[in-house]
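Here is a short briefing for a reader who is new to this structure. Look through the sequence and the model first, then read the points by topic.

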Amino acid sequence: MVAQLVRLKLTLLANTFRRSVWQTIGLVVASVYGLGVLALAVVGAVAGGTVDAAVTGQVLVVVGALVVLAWWVVPLFAFGLDATLDPQRFVTFAIPRRQLLAGLAAAGVVSVPGAVTLLGALGVSFAWWREPAALVAALVGAVLAAALCVVGSRATTTALAPLLDSRRYREVLMIVAVVPLVLVGPAIGWLADGVEVTVEGSGADAVGEALAPLSAVVAWTPFGAPWALGSAVHDGAWGLLAARLAVSLATLALAWWVWDRSLARALVTPRGGTAAGAGKGLGWFARLPATPTGAVAARCATYWVRDPRYAASIAIVPLLPLVMLAVGLTSGAGGGLLLVVAPLVAWLLGFGISNDVGYDSTAFALHVATGVPGRADRWGRVLPVLVAGLPLTVAFALVGCAVADRWDALPAMLGISCGTLATSLGISSAVSARLVYPVPKPGESPFKSPQGATVATMVAQLVTMAIVLALSIPALALGLFAILAPAPALGWATLGVGTAVGAVVLVVGVRWGARLLDRRRPELLQQVMAFR
């Protein structure tokens, strides 16, 4: 059964080259990028082990721990569960759960990230090529680390998927999962300080002294323990070797047990979880005008409040100041980086409607059947974000200026941020009528991304970002000069230019998107129905 599932995964991977040109391009680019990273990591580890194996081992522990942590956390936000071998699709085949688990675990390596992680872990182990015993221990640790990556990733995503259907747990899980990522900034800054000491000090010895405390702590964590087996043999600490091996095996066993229990529950639980109770009253439909634009706006406002797929993106917004503050304190920029939060939030809110048609799923058929005018559809989707996003953007601009003690930069920040929000909404209104890509279906986990959605999402994001950035250059140029100079007069000019350009782009983008929607409505419906 394990071999059958691996062959199935290989077949599905090969079929990617025939399904879509974008998927083929994405797979090729990801493979080339992965091979480049793999080559750099292995060459750097072997070269470092030749110069100073002890310091190289400390670096491998810290970097390896970050890799395992990324495998456990990043899938919740970027790629979600592996849709190519969704366990729900094997419910009717009555496959023994142990065989299914083993097969899914082996198939988890059959992917670009899985293959790069396994080969990279084995390759960097040759940093200990001068000591055969340490090399054998490092190879064992590499296999354990790769297993922890795959099994831990499956365990976290499978275990947390049911909780994400509840609003009560969703925001908490977002914060708990993002906090470790926030700590990556201070860790990178800490390592940069060590590199600076190396340049100014005594070379590898200074790096070893800087890394020793961090690697000693990380080596006792489930993320760093398997990467520290080679170092333990190198130091002749056999008791330490046994302890770290025990930590690695215990973590792997616990992750396997969590995955087993979660999978057993998922296989007998209907997709979509428990239905929410019926709401009272008409909600936003009773508050907004009974017009096509008002109806679309009411439904979109309901999406943003009650749909977990929208709420998941909103939950990230309050964490952005924490990320910028951590990076600022680490890099020495201080609270000045909080000035970036308002434009970033404005762009995120505007980009949120760039695939509204995809999120509509089969409900978009109502737009086609009732002949909703394109202008009503576009404005109905823009207005809820504009009404709620404008005060939020202004609030972030005020907080950023207050923390940075740069009230003189407030006009420029308002011009950049408000202009970015309007510009992003206008571009998204046009792009969403042209580019539609797969998204989680209604009732599914908001962090589960369908197969083939990654490349399409990246293309849509890059296109939208490039156009928004190009149209924001006048306000950005004036605003940056006004902030850095500083020049208060130019700040007020930025406010005028940013809002004017944003308003024009918003109106033109909505009208252009309306024309595209009126012309391409059947094609869009056909694409949406194909995602089912």
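## Helix H6 and its length

Helix H6 covers residues 132–160, and its 29 residues should span 42 Å at 1.5 Å a residue. The model is a predicted one.

**Helices H6 and H13**

- H6 is mostly covered, with 21 of its 29 residues buried.
- Helix H13 runs over residues 292–306 and has 15 residues.
- From its first C-alpha to its last, H13 reaches 21 Å, close to the 21 Å expected at 1.5 Å a residue.
- Buried residues of H13 include Gly294, Val296, Ala297, Ala298 and Arg299.
- Cys300, Ala301, Tyr303 and Trp304 of H13 are buried too.
- An α-helix has 3.6 residues a turn, so residues three or four places apart point the same way.

**Helices H20 and H22**

- Helix H20 holds residues 410–431, and helix H22 holds residues 488–530.
- Their axes come within 7 Å and cross at roughly 10°.
- Angles under 35 degrees count as roughly parallel, so H20 is roughly parallel to H22.
- The contact of H20 with H22 is made by 17 nonpolar and 12 polar residues, with no charged ones.

**Cavities**

- The structure holds four cavities of 30 Å³ or more.
- The largest cavity has a volume of about 90 Å³.
- Its lining includes Leu60, Ala121, Val124, Ser125 and Trp128.
- Ala138, Gly141 and Ala142 also line the largest cavity.
- Pro226, Trp227, Leu229 and Gly230 are lining residues as well.
- Helix H5 (112–124), H6 and helix H10 (229–235) are the elements that give two or more residues to this lining.
- Which element gives the most to the lining of the largest cavity? H6 does, with three residues.
- The lining of the largest cavity divides into nine nonpolar residues, three polar and no charged.

**Backbone details in the loops**

- The peptide bond from Ala485 to Pro486 is cis, with omega near -20°.
- Pro486 sits in the loop between helix H21 (453–484) and H22.
- Ser361 is not a glycine, yet its phi is positive, near 55°.
- Ser361 lies in the loop between helix H17 (356–360) and helix H18 (364–370).
- Is Ser361 buried or exposed? Its relative accessibility is 15%, and the cut-off for buried is under 20%, so Ser361 counts as buried.
- Asp405 also has a positive phi, of about 55°, although it is not a glycine.
- Asp405 is found in the loop between helix H19 (374–404) and H20.
- Is Asp405 buried or exposed? Its relative accessible area is 60%, and exposed means over 50%, so Asp405 is exposed.

**Residue pairs across the chain**

- Val62 belongs to helix H3, residues 53–73.
- Val62 counts as buried because its relative accessibility is 6%.
- Val62 and Trp227 are 165 residues apart along the chain, and their C-alpha atoms are separated by 8.5 Å.
- Trp227 is also one of the residues that line the largest cavity.
- Leu100 has its place in helix H4, residues 97–108.
- With 1% relative accessibility, Leu100 counts as buried.
- Leu100 and Leu263 are 163 residues apart in sequence. In space they are 9.7 Å apart, C-alpha to C-alpha.
- Ala232 is found in helix H10, a contributor to the lining of the largest cavity.
- Ala232 is buried, with a relative accessible area of 1%.
- The C-alpha atoms of Ala232 and Ala242 are separated by 9.1 Å, and the two residues are 10 residues apart along the chain.
- Val463 lies in helix H21.
- Val463 counts as partly exposed because its relative accessibility is 33%, between the cut-offs of 20% and 50%.
- Val463 and Ile427 are 36 residues apart in sequence and 9.6 Å apart in space, C-alpha to C-alpha.

Terms used. Residues are numbered from 1 along each chain as its sequence is written. This is a predicted model: local features need pLDDT of at least 70, side-chain atom pairs count only at pLDDT 80 or more; totals for chains, interfaces and linings use all residues. Side-chain values use heavy atoms; hydrogens and water are left out. Helices (H or I, at least four residues) and strands (E, at least two) are DSSP runs, numbered from the N terminus. The expected span of a helix is 1.5 Å times one less than its number of residues. Buried means under 20% relative accessible area, exposed over 50%, partly exposed in between (1.4 Å probe, protein chains only). Axes are lines fitted to C-alpha atoms, for helices over the stretch in contact, and angles run from 0 to 180 degrees between N-to-C directions. Angles under 35 degrees count as roughly parallel, over 145 as roughly antiparallel, 65 to 115 as roughly perpendicular and the rest as oblique. Ala, Val, Leu, Ile, Met, Phe, Trp, Tyr, Cys and Pro count as nonpolar, Asp, Glu, Lys and Arg as charged, and the others, Gly among them, as polar. On a 1 Å grid over the protein atoms alone, a cavity is a set of points where a 1.4 Å probe fits but cannot get out, and a pocket is an open set with protein on both sides within 12 Å along at least five of seven lines; lining residues have an atom within 4 Å of a point. Grid points are joined across faces, edges and corners, and a volume is the space filled by probe spheres set on the points.
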